Amino acid sequence: NGILLGSNNTASNINVYNNFIWDVSAYGSTGVLVSDNSNGIMVNSGGGYNIYYNSILMSTNQVSASGTTAAINISSAITVPNSLNIRNNVFSNTQTIGTRYAIYSGAAATVYSAIDNNDYFQGSAPNLGFLGSARSNLVFWQIATGKDFNSISVDPLFVSATNLHLQLTSPLNARGVRIGTITTDIDG
């Protein structure tokens with residue numbers, strides 16, 4: 001996992017922002033728990049997380065084709081309503097083997113206080129996300145969450161697989177919204 005969030009506090013008020021995460025890989029297995037597969041961000045326990053302005057690219061395949069990977073994975077152990085605030089992120093998974101998602105949520109939609117203005121890019125995967133069941137595209141993801149209506153699903157056009165700055169022609173340039181005291185992403 002690029003970043004593992006595992007607080008014992010369900011109201012931790014932890015900010016995770018302006019990170020580049022890439023090239024995370026593992027052997028892979030059939031489960032979706034913290035130690036089963038690779039994930040860009042793994043929200044494993046606790047709550048009160050504010051996840052803003054992160055760019056994640058999962059492009060390195062796992063060894064096992066039976067694995068499930070995600071740019072962000074929210075564990076079913078997250079149960080407190082309104083405990084996740086996820087905005088202005090790029091969740092890109094361009095791996096080509098196994099079951100892969102831009103976002104995987106074992107948690108119910110009620111855990112999201114806010115989830116919006118994100119980019120979910122699934123590459124060649126048949127499904128964009130998982131919440132209760134596989135969601136093939138952004139519309140079905142939005143129906144599942146009841147939120148995320150200002151999010152998009154486009155290739156972010158990173159500079160490279162190891163440089164997650166956006167190209168000048170990226171459709172994500174100037175798409176974020178200001179969030180409290182964290183007003184800009186890593187590109188300004």
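This report covers a helix, a pocket and several single residues in a predicted model.

**Helix α1**

Helix α1 spans residues 138–145. Its buried residues are Leu-138, Trp-141, Gln-142, Ala-144 and Thr-145. Seen down the axis of α1, these buried residues fall within an arc of 160°, so they line one face of the helix. An α-helix has 3.6 residues a turn, so residues three or four places apart point the same way.

What does the buried face of α1 pack against? The partners are strands: β10 (99–105), β11 (112–116), β12 (119–121), β13 (129–131) and β14 (134–135).

Just after α1 comes Gly-146, with a positive phi of about 75°.

**Ser-151, after the helix**

Ser-151 lies in the segment after α1. Is Ser-151 buried or exposed? Ser-151 has a relative accessible area of 5%, and the cut-off for buried is under 20%, so this residue counts as buried. Its side chain reaches the backbone nitrogen of Asn-117 at 3.1 Å. Not counting residues up to four places away in sequence, Ser-151 touches Asp-116, Asn-117, Asn-118, Tyr-120, Leu-138 and Gln-142. Leu-138 and Gln-142 are among the buried residues of α1.

**Asn-39, in a strand**

Asn-39 belongs to strand β4, residues 39–45. It is buried, at 1% relative accessibility. The Asn-39 side chain makes a polar contact with the side chain of Asn-1, at 3.2 Å. Beyond its neighbours within four places in sequence, Asn-39 is in contact with Asn-1, Gly-2, Val-24, Met-58, Thr-69, Ala-70, Ala-71 and Asn-73.

Tyr-53 and Leu-157 each have a positive phi without being glycine. The table lists their values.

| Residue | Phi | Relative accessible area |
|---|---|---|
| Tyr-53 | near 55° | 6% |
| Leu-157 | about 60° | 27% |

Tyr-53 lies in the loop between β5 (49–52) and β6 (55–58), and it is buried. Leu-157 lies in the segment after α1, and it is partly exposed.

**Contacts across the sequence**

Two residue pairs are separated along the chain, and their C-alpha distances are given here. Ala-108 sits in the loop between β10 and β11. It is partly exposed, with a relative accessible area of 42%. Ala-108 and Val-80 are 28 residues apart in sequence. Their C-alpha atoms are 9.4 Å apart in space.

Thr-162 is found in the segment after α1. It is exposed, with a relative accessible area of 52%. Thr-162 and Ile-21 are 141 residues apart along the chain.

**The largest pocket**

How much space lies in the largest pocket? The volume is about 520 Å³. The pocket is lined by 27 residues. Closest to its centre are Leu-172, Ala-174, Arg-175, Gly-176 and Asp-185. By type, the lining divides into 10 nonpolar, 12 polar and five charged residues.

Key: Residues numbered from 1 in each chain as written. Predicted model: local features only at pLDDT ≥ 70, side-chain atom pairs only at ≥ 80, totals over all residues. Heavy atoms only, no water. Buried < 20%, exposed > 50% of the residue type's maximum accessible area, 1.4 Å probe, protein only. Helix = DSSP H or I, 4+ residues; strand = E, 2+ residues; numbered from the N terminus. Arc of directions from axis to C-beta. Contact = heavy atoms within 4.5 Å. 1 Å grid on protein atoms, 1.4 Å probe; cavity = no way out; pocket = protein on both sides within 12 Å on 5 of 7 lines; lining within 4 Å. Points joined across faces, edges and corners; volume = space filled by probe spheres on them. Nonpolar A, V, L, I, M, F, W, Y, C, P; charged D, E, K, R; others polar. Polar contact = N/O pair within 3.5 Å; in protein donor to acceptor, adjacent residues only side chain to side chain.
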